[in-house]
Amino acid sequence: MAKRPSARTTAAATPPLEAHLGFWLRFVSNHVSQRFRQQLEAQGVTVTEWVALRTLLALGEGSHASLIDALGMTKGAASKVISRLEEKGLAQRQRVDGNAREQLLVLTARGRALVPRLAKLADANDEHFFGHLPASEREALVAAMQALVQHHQLKQIPSQ
């Protein structure tokens, strides 16, 4: 009968958490995301709402389907976000040519005014965490992340 390795032997042969690139990505990501989430919440917006607002600004106007595609959300999740944005007066649904079944989503004036302010928070958050890095290192880090996204064909935008 084969001898089972002891817990001590197994632990010694197993690399520590810090040996994994994924550990460091998650470690940094959690801190970057948490700080930004707190800043957004102080403005009365969740991360998911921020992503939807920014996406709607880029789209100009969009259907539920275009927002769902852009965000990688389910129809139900997107509807909840849209409803919250409407309740906050940041977005609205508009009927297309009086057709009750077809609606476009647009930012309200208040929503359009809020997005640049929130974008400044995102910029400041990036600067807080990555501003000490030389531009070449920041560019290399972005390029590495983009290469991973492309290689693994990652589609879903982080929204939480």
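Author: Helices (H or I, at least four residues) are DSSP runs, numbered from the N terminus. The expected span of a helix is 1.5 Å times one less than its number of residues. This is a predicted model, in which local features need pLDDT of at least 70 and side-chain atom pairs count only at pLDDT 80 or more, while totals for chains, interfaces and linings use all residues. Residues are numbered from 1 along each chain as its sequence is written, and side-chain values use heavy atoms, with hydrogens and water left out.

Reader: What does helix α6 reach from its first C-alpha to its last?

Author: Helix α6 (residues 109–130) has 22 residues and reaches 32 Å, close to the 32 Å expected. Its buried residues (under 20% relative accessible area; exposed is over 50%, partly exposed in between, with a 1.4 Å probe and protein chains only) are G111, L114, V115, L118 and N125.

Reader: How many salt bridges does a search of the whole structure find?

Author: Side chains of opposite charge can pair when their charged atoms come close. A salt bridge is a side-chain nitrogen of Lys or Arg within 4 Å of a carboxyl oxygen of Asp or Glu. The search finds five. One of them joins E49 and R84 at 2.7 Å, N to O. Because E49 lies in helix α3 and R84 in helix α5 (residues 75–87), this pair ties together parts 35 residues apart in sequence.

Reader: Is E49 buried or exposed?

Author: E49 is buried, at 1% relative accessibility, whereas R84 is partly exposed at 31%. E49, R84 and K88 are linked in a network of salt bridges.

Notes: Helix = DSSP H or I, 4+ residues; strand = E, 2+ residues; numbered from the N terminus.
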